[in-house]
Amino acid sequence: MSAIDFSRSRAILVGTAHYTHGLTEMIAASNSLNTMRKLLIGPLCGWPDSRVTLVEDKTTRGGLDQHIAQLIHDTTDVLLFYYVGHGQLLDGEHLGMALKDTHADPKMRYVTSLRLNDVRAELERRCTARVKLVILDCCFSGLATRNAQGTGLTDQVQLATKVEGAYTLTASRASQQAIYEDGSAGLTYFTKVFTDVVHDGIPGAGTELTLKDIHKEVRHRFLRLEVPGGQLRPEPSVLVTDTAEELAFARNAAATKGDQHGQRVRPPEPPKPPRDIELGRPTRPAPVDQPKPLANAGSTLVEAADQLAHAVGTRWRREEEQRQVRDPFPLPVRWQPAPENVTDHWENIRGAPAGGNCGPLDLAGRLDQIVDVYLGIESGRLVVLGRAGSGKTILTIRLALDLLKNRTSTSAVPVIFSLGSWNPETALEDWLTSQLVRDHPGLAATNPNGVTLAAALVGAGGILPILDGFDEIADGLHPRALEELNRTSLRLLLTSRRAEYEAAVQGKRGLTAAAGIELADLTLTDLADYLPRTTRKVAANGTATVWEPVLNELRDHPRSPGNVNLATVLTTPLMVALARTIYSDTPDHDPSELLDTNRFGTPEALEDHLVGNFIPTIYQNLPESDRRWDPGQVQHWLAYLAHHLDQNGTPNVAWWQLGNTMRRWSRMYTVAWASGLVLGVVDGLVTGLQNWLMLGFVAGLKVGLLSGIVVGIAGGLAFGLVHEFGPGLVTRSVALEPSRVQIRIRNELRKKRARFAPRFLLGFVAGLMFGIVAWLVIGFVVWFLVEFMSWLVSGPVSALASGLVPGSNPGVNGLIGALENGLKAGLAYGVVYGLMIGLAAGIMTRLEVPIDIRSVVSPAGLLKTNRTSTLVQLLVWGLVANLVGGLAGALWFRLGDGLVIGLVGGLGGGLGYGLSLTAWGQWVVLARIWLPLTGRMPWTVIAFLDDAYRRGVLRQAGAVYQFRHARLQDHLTRAFPARRDEQPASSR
C-alpha cells in the first residue's frame with residue numbers, strides 16, 4: 001500500500017457553479033468543490049493547503065489551460081485532478097467540462113469548454129507523476145447513442161490516464177447523468193457519497209483507506225441510494241492501471257475511533273461469510289483455484305482429459321501465433337460489468353441461500369485478468385458481450401490458454417466451441433459431444449459401458465465449454481438456444497453481440513446464474529501505441545511511420561468529419577487489424593486516404609472499404625514467386641465458400657461437406673455418374689476379355705460394351721441412391737462423416753478395436769440389399785435393351801444380355817419376368833456381395849485404432865487419414881472379393897464366372913463404394929472434380945484452403961476452417977450472387 005509524498009504532489013480542484021451562456025446554475029457544484037477541498041486538507045487526508053489548488057468559476061480566457069498544464073508539469077508523486085459541474089458532449093464523442101463562459105449551443109461548446117483531451121495531452125506528454133488520479137463528477141449522457149455497447153465513461157476518459165499508475169473514478173456511466181441536490185446547501189450526490197465514505201470510514205478495511213476500498217464502498221452506497229423525483233440512479237465507474245488502486249488516500253476513521261492516542265491501529269477484522277455474500281457489498285472476485293470435477297473419475301477418463309488439454313493448448317497457441325496477436329503486442333481488451341438488465345440476480349450468481357442478500361461483484365478488468373475474474377464468479381457462468389470485432393474471440397483464447405497453464409489433472413479442460421453450427425433442438429451436451437469427436441477423433445473410443453470418452457467427459461463436468469458466437473446461431477433460434485442453455489447447470493462462458501443477446505433475454509432474466517461483462521472500445525492512445533509499431537520506418541531519423549500523420553490529425557483535429565469517421569471505425573481490434581494488413585506493410589497504400597470524406601462519407605463506408613480490400617491486399621501484395629492464385633479467382637472462390645456456409649447455416653468449412661448444397665438430384669446423379677463410370681469400365685474390360693477368349697474379339701467387344709453399360713447404369717444408380725438416402729437414415733446428415741480411426745497393421749491397442757461380428761453382420765446386410773437393388777435395375781435395363789433396341793442386342797449378344805438375368809427371356813416374360821428374375825439373381829448375388837462386404841468390414845476392425853487424442857487434428861490431417869483408411873479398405877475389399885468370388889464360382893457358378901465376379905466386385909465395386917459411400921470419396925467427386933469443373937473452386941482445393949488459413953483469411957477450429965470473422969463472411973456472401981454467373985477464365 002503506497003503513501004503520498006505531499007511535498008511532491010498536487011491536487012487541482014476545478015468546479016463551475018455559475019454560467020453566462022445558457023447553462024443551468026448549479027450551486028451544488030460550488031458546495032461540492034469546497035467540500036472536497038476541506039476533505040483533502042482535513043486530518044483524514046492530510047494534504048497541505050499549499051498543495052491544493054482551487055479553480056472556481058473560471059473562464060476559458062486568462063490562460064487557464066496553461067496554468068493547469070504548469071501545475072501538472074511540476075508534480076512528480078501524486079497528481080489529483082477533480083472536476084465538478086456540467087459535462088457536455090463535444091462532437092458526439094468527447095467530454096467537455098463546462099466553465100463559466102461555456103455555451104449551451106452545441107456549435108460553441110468545443111471552443112468554450114475545458115476539454116478532457118487537452119488534460120489528457122498534458123498527462124501523456126508532460127506529467128511525470130508516480131500516480132495520476134482523475135475524479136470526474138459531471139454528466140456525460142448520450143455516449144451510448146454513439147456506441148451501442150453502452151460502455152462506461154471511463155472508456156473515454158481513459159485517454160487521459162493511459163499512463164503508468166493511473167486511476168480514473170467517475171460519477172456515472174456514459175449513458176447516465178450525474179445528479180445533485182437542490183438548495184443553497186446542496187451537494188452533488190457523487191461528491192457527497194465520496195466524502196461521507198472517507199469521513200465515516202470503512203469497518204474492517206485497515207488503518208488506511210485505499211482508492212480500491214473507497215470505490216467499493218461508494219458503489220455499494222450508490223446501489224442503495226434513494227434518488228428523488230424519479231431520476232435514474234447513476235452508477236460510478238472506475239478504470240485502473242497497474243497498482244494505482246492501492247494508493248493510501250486517507251486514514252480510516254472507522255479504524256481510529258476509540259483510540260485515545262489517535263494512533264493508526266488496525267483492529268481485528270470481523271469474520272466474513274465466504275466471499276462477502278452476506279455483507280452484500282460490491283467486491284472484487286477473489287482468486288480461487290480451478291474446480292476439480294474429475295477428482296473421483298477413473299484413470300482412463302483423467303488420462304483422456306490430460307491428453308485433450310495438451311491438444312487444446314497446442315491448437316490455440318498455434319492459432320494465437322497465426323493471428324499475430326502478440327506482434328508486436330496484444331491490442332488492449334478491457335471491459336466493464338454488463339448492464340443489470342441482461343444478467344441474473346446476484347444472489348443466484350453468487351449462490352446465496354434462501355433469504356440471503358448480496359451485492360454485485362466488481363467485474364471490470366483487462367485481458368490478463370480474465371482468469372481471476374472468471375474463477376471469482378461462484379456460479380462459473382459468464383456472458384461476454386461486445387460489438388462485432390471487439391475482441392470476444394481473443395478473450396476466449398486467452399481464457400482457455402491461461403486456464404490450461406495452471407490446470408491440474410482433475411480440473412476441467414477448457415474447450416472453445418463455435419456456436420454458429422448448433423441447432424438448439426439438439427441437447428447441448430449431445431452437441432458438445434459431437435463437436436469433441438469431430439475435432440478430437442480419439443475421444444470416439446468407448447469405455448466398457450459403450451460410452452464414448454467425449455460423452456463421459458461432458459457428463460462428468462470434465463469439459464469447461466467456452467461457447468463463442470451466440471449471435472451466430474441461426475435467426476429465430478436464439479430464444480430456444482437460451483432455454484436450452486438454462487436447462488443445464490454446466491459452468492460455461494458465452495460470448496455474443498449485445499443486440500442478439502438482449503433480444504433473446506427480452507422479458508426474461510437471461511442466462512441462469514450468469515454474470516456479465518461488456519467489452520470496451522479501443523482508444524486513440526491505444527492506436528498511437530500500436531499502429532506505428534506494425535509498419536516500416538519512413539523518416540531519416542528512424543522514428544516516423546506512415547501512421548504518424550493520420551494519428552496526429554486525429555489528435556489535433558478531432559472534430560473534422562473524416563477524423564470522426566475514422567476514429568469511430570478504429571475502435572475494435574478487427575478493424576485495426578484490417579487497417580494494419582492493408583496499410584502497414586504495403587508501400588503503395590497510404591492510410592491518409594482513410595480521412596478522405598469524398599470517398600468515405602460515413603463510418604460504414606470506411607468499414608466496407610477495409611473489409612472489401614482485405615482479400616485483394618493479401619493476395620496482390622506478394623512476390624511473383626509466391627503468387628499461386630489469381631486475385632480475381634480467389635474472390636470468386638471465397639465468395640462461393642461463404643455462400644456455401646450461408647446455405648448450410650454453419651460457420652464451418654468442412655471438406656467432407658463441400659458440394660452438399662447442390663440440389664439433391666444433381667448430387668445423386670453426379671455421384672451415380674462417377675461410381676457407375678468406374679464400375680462400368682471395370683466390368684466392360686473384364687467381361688469383354690472373358691468373352692474375347694471364348695467367342696472372339698468382335699463378340700467380346702460387343703459383350704463387354706453392353707455389359708459395361710448395363711452394369712455401369714445399374715451399379716451407378718444403386719450407389720447414387722444409397723449415397724443420397726443411406727447416410728440420412730443413420731445420421732440425419734446429407735454429408736458422409738469422416739472416419740475417426742487410423743490404420744495400423746500392428747498395434748498394441750487391440751482391446752480398443754471394434755468387434756468383428758457386428759461389423760460383419762452390418763456389411764453382410766448392406767451387401768445383400770445392394771445386390772437386390774442392383775439386379776432389379778439390371779433386369780429393367782436388360783428388358784429395355786431387348787424390347788426397344790433389338791437391333792443392338794441380336795444374336796449371341798441378345799443371348800448374353802438375357803443371360804445377365806439367368807433364366808429370363810425378355811421376349812416371352814416381359815418386364816414383370818425380367819424384374820422377377822432380377823430379384824432372384826439379386827438374392828443369389830447379394831449373398832456373395834454380403835460375404836464380400838462383411839468379411840472386408842470385419843477384417844478392417846483388426847486394422848483400425850483410435851486417433852491419438854494428443855494429436856492436433858487439422859482439416860488436411862483428417863483428410864489424409866481418411867484417404868489412407870479408404871485406400872486400405874479398397875485393398876482389403878479387392879483381396880476378399882477375389883477370394884469369395886473364386887469360391888462362389890467353384891461352388892455355385894463356373895470358375896471363370898466366379899473370377900469375373902471377384903474382379904468386378906473387388907475392383908469396380910470397391911472403387912464405386914469408395915467414391916459414393918465414404919467421406920473421402922464424396923470429397924473427390926464433389927470437391928475435387930465437380931466444383932472445379934463448374935468454376936466454383938480451384939483444382940487443388942485443400943491447398944487453397946491451407947493457403948487462405950496462412951494468409952489470415954480463414955482460421956482453423958479443429959477439423960474445420962472458419963472465416964476469420966463473421967463480418968468478412970457476410971461481405972463475401974453478399975458478393976457471391978453478383979458474381980455467380982461469372983466463371984473465371986481458368987482455374988488451377
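In helix α17 (residues 498-505), the residues R498, Y501, A504 and V505 are buried, where buried means under 20% relative accessible area, exposed over 50% and partly exposed in between, with a 1.4 Å probe and protein chains only. These residues lie on the same side of α17, because they cover an arc of only 130° around the axis; the arc is that of the directions from the helix axis to the C-beta atoms. Helices (H or I, at least four residues) and strands (E, at least two) are DSSP runs, numbered from the N terminus. The cover over the buried residues of α17 includes β14 (381-385), α16 (478-487), β17 (492-496) and β18 (515-519), with contact defined as heavy atoms within 4.5 Å.

The model is a predicted one, in which local features need pLDDT of at least 70 and side-chain atom pairs count only at pLDDT 80 or more, while totals for chains, interfaces and linings use all residues. Residues are numbered from 1 along each chain as its sequence is written, and side-chain values use heavy atoms, with hydrogens and water left out.

Positive phi values occur at several positions. Just after α17, G507 has a positive phi of about 80°. A513, in the loop between α17 and β18, has a positive phi near 60° although the residue is not glycine. A513 is buried, at 12% relative accessibility. D57, another residue other than glycine, has a positive phi near 50° and is placed in the loop between β2 (52-56) and α2 (64-73). Most residues other than glycine have a negative phi.

Helix α7 (residues 189-200) consists of 12 residues and spans 16 Å from its first C-alpha to its last, close to the 16 Å expected at 1.5 Å a residue. The expected span is 1.5 Å times one less than the number of residues. Buried residues of α7 are Y189, F190, T191, V193, F194, T195, V197 and V198.

The loop between β8 (166-170) and α7 contains E181, which is partly exposed with a relative accessible area of 24%. Not counting residues up to four places away in sequence, E181 touches A28, G186, L187, Y189 and K192. E181 and A28 are 153 residues apart along the chain, and their C-alpha atoms are separated by 6.5 Å.

P465 is located in strand β16 (residues 463-468) and is buried, at 0% relative accessibility. Apart from neighbours within four places in sequence, P465 contacts V415, F417, L432, L490, R491, L492 and L493. The C-alpha atoms of P465 and L493 are 6.6 Å apart, at a sequence separation of 28 residues.

The axes of helix α19 (residues 548-556) and helix α20 (residues 561-569) come within 9 Å and cross at roughly 105°. Axes are lines fitted to C-alpha atoms, for helices over the stretch in contact, and angles run from 0 to 180 degrees between N-to-C directions. The two helices α19 and α20 are therefore roughly perpendicular to each other; angles of 65 to 115 degrees count as roughly perpendicular, under 35 as roughly parallel, over 145 as roughly antiparallel and the rest as oblique. V550, E553 and L554 in α19 meet N563, L566 and A567 in α20.

The structure holds zero disulfides, a disulfide being a pair of cysteine sulfur atoms within 2.5 Å. C45 is buried, with a relative accessible area of 7%, and C127 is buried, with 9%.
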